[in-house]
Amino acid sequence: MVSSGDQLSIEAADLLVRRLGEPVMASPMARLLHGRASSPHYVHESDRVLLDDTAEMAVARKCPVAELPSFEPGGPREYIYFDPARTRVGIVTCGGLCPGLNNVIRGLVLELAENYGVTDIVGFRDGYRGLVNGEEPMPLTPALVADIHNRGGTILGTSRGGQDPADMVTTLVRYGVSVLVVIGGDGTLRGAEEIADEAAGRGVVLSVVGVPKTIDNDIPYIDHSFGFQTAFARATDSIKAAHTEASSTPNGVGLVKLMGRHSGFIACYAALASHDVDFVLIPEVPFSLDGAAGFLACLRQRVQRRGHAVIVVAEGAGQDLLACDGARDASGNARLADIGQLLRERITGDFAAAGAELSVRYVDPGYAIRSVSANGYDAVYCLRLAQAAVHAAMAGRTAMVVGRWHGRFVHLPISLATGSRNQVDPNGDLWMSVLEATGQPPRLS
């Protein structure tokens, strides 16, 4: 549920996605699904998915339920905007790797080809760079993508950094692309919105639909992002290894650094799934290293009592404890200082100053987790996201992303998906579960 401070911006956005125009062509979906002129699986254009709990928000907003903010649901429409036989679809993957990228590509191609009859599908190589470097796009066919879901990474390649939207639209026009599906995080999605705006300004008919990708699970207004389940499940293997090492030596400490620039979801869920973690440090909850109630003192006490300890730290945690040079990466994100190295050095120094024996094992599995193939849950989720993206694009939606909200697939304006960040609530039930499972103090300061 959103806070009251968010409501004005949400209502201003009106939760409506843009349309290229009114759909005029009978969809082939009915024939393919049921062999008759209509299908019970079509989404009714008047259907909506409410943003908030119905009764509570109707009272709070003092309005009828029908006037509550709501999302347009995803799914096949009875009428579509594009003629499949005359439509060329482009696909691009951008940003860091994430489990499930190939699953999404495969799902897009199969849905387009087998359920809509689109025969002209291409992939632009190496992210947005492929829309400006003059390289021919890669033809994508069902045969080519048949088994790519068994591999990690992306067959299209990826890169970071923005390109001029005017140049990218020029490339899309040159190749006759009418639909562009963009798979990427918040920076990538902002670029997708710029592409949609540029196309609209030129009068170019172009549907731009995003499939949000963030391993950190930090995109708002979706239940979770693809690859997240795989990531925290694989992270538990590293935690298990750290626990084995730590518990096998006197005064052993296992230190595991996981992904999470601004949001600690992977660290929290991996810790809860492993049952072996004593401390979880995340960006949303500040902590101090020194002092009687600081992290180092609490860690030493835990090791003295249990004989070992395991720490999980998100990469963005404790950045206030480190010097920042202000540098940014190609995506425009501030470069993080290494909290893992700092903790290892400070833990070693603290135990030495106390004259205590110590054995530290430091594990950083970041790239090993990013590059794996999706697990069963994420494989299903990626396929359904791909199907929802195709339905939206063929119906003429643009400047939007697909996601799942309250268990249903929905359409979100890109501006809403990139306007804020999903984070662990320090006062919420997830963080309370972490505190109860680890037994760490609510405040390390």
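**Entry 1**

I looked up how exposed I195 is and found a relative accessibility of 0%, so I195 counts as buried; buried means under 20% relative accessible area, exposed over 50%, and partly exposed in between, with a 1.4 Å probe and protein chains only. The model is a predicted one, in which local features need pLDDT of at least 70, side-chain atom pairs count only at pLDDT 80 or more, and totals for chains, interfaces and linings use all residues. Residues are numbered from 1 along each chain as its sequence is written, and side-chain values use heavy atoms, with hydrogens and water left out.

I195 sits in helix α7, residues 186–202. Helices (H or I, at least four residues) and strands (E, at least two) are DSSP runs, numbered from the N terminus. I then listed what I195 touches, leaving aside neighbours within four places in sequence: Y128, L131, P165, M168, V169, L172, L180, L206 and V208. A contact means heavy atoms within 4.5 Å. I also noted A399, which is 204 residues from I195 in sequence but 8.5 Å from it in space, C-alpha to C-alpha.

T188 is in helix α7 too. T188 has a relative accessible area of 11% and is therefore buried. Not counting residues up to four places away in sequence, T188 touches C94, G95, Y128, V182 and I183. I see Y128 in the list for I195 and in the list for T188.

**Entry 1: Helix α15**

Which residues of α15 are buried? In this helix, residues 429–438, I found L430, W431, V434, L435 and T438. Seen down the axis, these buried residues fall within an arc of 140°, so they line one face of α15. The arc is that of the directions from the helix axis to the C-beta atoms. An α-helix has 3.6 residues a turn, so residues three or four places apart point the same way.

The face turned away from the buried side carries the exposed residues D429, E436 and A437. The cover over the buried residues includes α9 (265–274), β12 (279–281) and α10 (295–306). Just after α15, G439 takes a positive phi of about 75°.

Most residues other than glycine have a negative phi. I noted N217, with a positive phi near 65°, in the loop between β10 (207–212) and α8 (228–247). N217 counts as buried because its relative accessibility is 6%.

Y221 is found in the loop between β10 and α8, and its phi is also positive, near 65°. Y221 counts as buried at 9% relative accessibility.

**Entry 2: Rings**

Y221 forms one aromatic cluster with F71 and W405. I read a total of 10 aromatic pairs in the structure. Rings of Phe, Tyr and Trp (its six-membered ring) pair if their centres lie within 6.5 Å; planes under 30 degrees apart count as stacked, over 60 as edge-to-face and the rest as tilted.

F287 and F295 make an edge-to-face pair, with 6.4 Å centre to centre and 65° between the planes. Both F287 and F295 are buried.

R302 lies over the face of F279, at 5.0 Å from the ring centre. The cut-offs for a charge over a ring are NZ of Lys or CZ of Arg within 6 Å of the ring centre and within 35 degrees of the ring normal.

**Entry 3: Confidence**

I checked pLDDT, the predictor's confidence in each residue, from 0 to 100. The chain mean is 89, and 87% of the residues reach 70 or more. Over residues 1–13 pLDDT stays under 50, and the model has 18 contacts for them beyond four places in sequence. Residues 33–38 are also below 50, with 11 contacts beyond near neighbours in sequence. Where pLDDT is low, the predicted coordinates should not be read in detail.
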